Amino acid sequence: MNNDILSSLRPALVMTLLFALLLGIGYPLAMTGIAQVLFPSQANGSLVTSGGRVVGSSVVGQAFTSERYFQTRPSAAGKGYDGMASSGSNLGPTSKVLADRVKAQVSAMQSAEPGKAIPADLVTTSASGLDPDITPQAAFYQIDRVARVRGVDAEALRRVVAASIEQPLLGFIGEPHVNVFELNRRLDGLGAKPAR
Amino acid sequence: MTFEGWLLIAAFVGILLALTKPIGLWLFALYEGRRTVLHPVIGPVERGFYRLAGINAEEDQSWRRYAVHMLIFNAALALLTYVLLRAQAVLPLNPQALAALPEHLSFNTAVAFVTNTNWQSYAGESTMSNLSQMLALTIHNFLSAATGIALAFALFRGFSRRSATGIGNFWADVTRITLYLLLPLSIVYALFLIASGVPQTLAGSVDVNTLEGVRQTLALGPVASQEAIKMLGTNGGGFFNVNSAHPFENPTGLTDFVQMLSIFAIGMGLTYTFGKAVNNTRQGWAILAAMMILFLAGTTIAYWQEAVGNPILHNLGVAGGNMEGKEVRFGIAASALFSVVTTAASCGAVNAMHDSFTALGGMIPLFNMQLGEVVVGGVGAGIYGFLLFAILAVFVAGLMVGRTPEYVGKKIESREVKLAVLAIAVLPLVILGFTALASVLPAGLAGPLNKGPHGFSEILYAFTSAVANNGSAFAGLTASTPFYDGLLGVAMWIGRFFIIIPMLAIAGSLAAKKYTPETAGSFPTTGLLWTGLLVGIVLIVGGLTFLPGLALGPIADHLAMIRGQLF
């Protein structure tokens, strides 16, 4: 037993060092170098610039709460869509906090636009708190409001939304979804004045 | 449930079954120490490592020496991580100027990563510097996985060798698995992830002026290189707090699908490697069949429950499946499937918040872990865990027919059965013991976010995940306290090494035995009867112990849910 321990010391220490250099320094740095050359956009967060300013990432969601925009899902990341504090609500199925939150949001939506079926994703928080997408149903649900506030034709808007739906690969890998950031950028490009 | 959802599950299983043999053969070449096409490139590196470390890769180690070398290596790795995390503030590659981690969190994290658990009491983006992510954490994703596979190889040798004293060389196994399997696969995989939108940079974060004119700061870092091995090695420790639910870790439906495949790929391949090692590939397929039956049963229940959704929300006017804690790009089917895959294997990565699953939908991940993660399981750990159940199964069959049990040409005698029971008993003993402790002590009761039975489920899930070395969580539990960090750290260590040591003792004991040829009186360990017996033993011996615990947690939660009772 003592012999076993003694014989292990040099291999254990040297292999720890060698593997640390190879796997902990060499591999991630090499991948970073390759990534920055081959895929610079993706490797740096798929950032989108407009007028020389970074306005968002096409991968990670940002908050849209204004009535002029298609709105994103409720978020449990910090105060909402905090890119430094990803989080779900972690509320369980029998949580009163969850039920109260959903109830309040549903009744606000129903009093604003009575009689419309409420898409589940619009009243539930995502897993990350940074969900970039909503379902096509949730996008269609918001067309009347956005059209009214912006003073644009609802039919034209419907066509924009329909064209923004991303379908699953081969029909079953992923779910149909609409990237809210991309959709709203198109919205700002429609000619109506942006919010600011 | 949708047609597309079932198509996803069918494609998932189909692709993996097609990959099982090629991956198994590659692993078999490493198991035997054969030359591969990668040897001209990697061979010099491998030999250089041995030379510098003074290793004789040809030395055949006894099970005791194999175990001691494995333990000392793992202790050295844990110590390295502990020191790096404690010193984080003064080390380079820390663009956000993050502070050092406190003692209890450094201890917990070091143990979590060495044991292939990757339990995370911290939020990555606001706790870990880039250097910590790379050097303190990523290396374990490789080496704890390689250790698991090496241990499986050792047990395979126990079954296949005759009257032998050794079970292989730990250093040769770990080095070959890392250099010829995990590293090359990770490089290709990381490139795919980067091309799909996963960041790979040394920057810490970037500021964004959103379309609504608000400032948003996005955490960045060397994500892809860690993500690749996190899945392949069934580690599961995410770069970000929400793991594979974060759009930067898992940006598309395709990356999600590939992540699920990569959790199972090596574990399934190892069942074929086992068959090759004992010279009868049908033995491997019989094990895989039992695993797949348990996997599909779990998937069906989880998918069904999540698709049905939460009646409490239905009554509020929100129709359809349960979308709380799920991402739109994955939806119900891929979230339910991911949750089953990640807990059947000992991965622990998540693409949805298990805490917000329906009561029974969330019970399946919990139950998968309680079975000991033998449904494919962690790389290496899954197959050696399953073989412990196989030893029990031949023992039970032997009792029924009144003969000395045999398995793949080895007599299974009292020593092996005792050791197998010892290893299997660790799980219920520690999970239930520690859960009971945390359920009565104030420091434990301070943890849960949710009230009522779901709060108990959060505690039970945490200790189950720790002992089973999974690492996923009902994440509402506040675990970054000295109480939970300490107790969970101990639980992870016991759950890993208190199973490994008896398992290696079995390997040594089997290797020393003669070959016992199969006779007309031997119980056949291929075919339907055997597969059915395996499923039964796993469910009864592994699962039944936990039924009372499940009744207090998820089952009570389910009854409350259908009655509309809130907590």
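Me: In which sense do E4(A) and strand E5 of chain A pair?
Reply: The model is a predicted one. Strand E5 of chain A covers residues 177–179, and two bridges connect E5 with E4(A). The sense of the pairing of E4(A) and E5(A) is antiparallel.

Me: Which strands stand at the edges of the open sheet of chain A, and why is one side of each left without a neighbour?
Reply: The open sheet of chain A consists of three strands in the order E3-E5-E4, with antiparallel pairing. The edge strands have a single partner strand each, so one side of each has no neighbour in the sheet. These edge strands of chain A are E3 (133–134) and E4 (165–166).

Me: What angle does the direction of helix H7 of chain A make with that of E5(A)?
Reply: Helix H7 of chain A, residues 180–188, packs on the sheet and touches E3 and E5 of chain A. The angle between the directions of H7 and E5(A) is about 60°.

Me: Which residue takes a positive phi in the hairpin of E1(A) and E2(A)?
Reply: Strands E1 (residues 47–50) and E2 (residues 53–57) of chain A run antiparallel and are joined by four bridges. A:Thr49 has A:Val54 in E2(A) as its bridge partner. Two residues lie between the strands of the hairpin, and the residue with a positive phi near 60° is A:Gly51.

Me: Which helix gives the largest share of the side of chain B that touches chain A?
Reply: In total, 102 residues of chain B are in contact with 92 residues of chain A. Nine residues make up the largest share of that side of chain B, and they come from helix H3 (residues 63–86) of chain B.

Definitions and conventions
Residues numbered from 1 in each chain as written. Chains lettered and ligands numbered in written order. Predicted model: local features only at pLDDT ≥ 70, side-chain atom pairs only at ≥ 80, totals over all residues. Pairing = 2+ DSSP bridges. Contact = placed C-beta atoms within 7 Å. Axes fitted to C-alpha atoms, helices over the stretch in contact; angles between N-to-C directions.
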